[in-house]
Amino acid sequence: MLPGTLSLIFFCIELVILGIVIIFNRKHSFFWSTVSLLALLLLYQLSEFLICMGISENITGRIAFVIITFLPPTGYFLCTRVVGWKFPDYWIGFAGGLALSIYFLSVSESVVLTNCNPLYATYENNISTIYGIYYLGMIAYSILFIIGHMILGNKKIENKIGLIILLGYLSFLTPMYIMVLIDPLKFGLAIPSIMCKYALVLAVTLGIFSFIKPKKKELSKIDPITD
């Protein structure tokens, strides 16, 4: 198997899922949020495949990090739409993602590919601590945000929809953390790549999510302008 083979396979699978969502569920209430997440996931897989094939490793690697940098705020945005959260605090996440992206694009040594095999790639990120706080912090907050609204009985969220989103998050976080705990030296530098590999389950979850339509009474509480 060539380096990056799994990334290419996952790119193709996620592209099919995206196509299904676009063809069959264009009228879904959360269509654009779902499509955005799927597009970011598959673009990262494509970027990693190109990196592993040796195509402009430095530039492509930094672009790959820019792509995944916008996954947490986009995911949180979907969470806010699902619960009918009106306060636009998701812009804080997007602003942080924009600042990090500018850094990655402007500093040539900000992301360095150290290894690539058929299954995953490893990188050195010279602001890994800040990036980890931003990335994992936003994901953790999104999970707590959904759980909180489900526990408090938010009438604007159907438990079935909230549970699907929650399972989507946990499906890629749990196995990734288990791998890092087993061998932190081996898998620590591969967290972005491994996380996005397990996020295939999230892509499948989003595909299923796109076929579940909120009840009409819930639709009336969703702002159609922002989603």
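This is a predicted model: local features need pLDDT of at least 70, side-chain atom pairs count only at pLDDT 80 or more; totals for chains, interfaces and linings use all residues.
Q: What makes C52 and C116 a disulfide?
A: A disulfide is a pair of cysteine sulfur atoms within 2.5 Å. The sulfur atoms of C52 and C116 are 1.5 Å apart, so the pair meets the cut-off. By this rule the count comes to one disulfide.

Q: Which parts of the chain does the pair link?
A: C52 lies in helix 2 (residues 31-52) and C116 in strand 1 (residues 111-116). The two cysteines are 64 residues apart, so distant parts of the chain are joined.

Q: Why is the disulfide of C52 and C116 called right-handed?
A: The torsion about its S-S bond is about 80 degrees, so the disulfide is right-handed.

Q: Is C196 called buried or exposed, and why?
A: Buried means under 20% relative accessible area. C196 has 2%, so it counts as buried. C12, with 39%, is partly exposed.

Q: What makes the chain as compact as a globular protein of its length?
A: The chain has 10 helices and two strands. Its radius of gyration is 17 Å, close to the 17 Å that the globule rule gives for 227 residues, so the chain is as compact as a globular protein of that length.

Terms used. Residues are numbered from 1 along each chain as its sequence is written. Side-chain values use heavy atoms; hydrogens and water are left out. Helices (H or I, at least four residues) and strands (E, at least two) are DSSP runs, numbered from the N terminus. Buried means under 20% relative accessible area, exposed over 50%, partly exposed in between (1.4 Å probe, protein chains only). The radius of gyration is taken over C-alpha atoms; the globule rule is 2.2 Å times the number of residues to the power 0.38.
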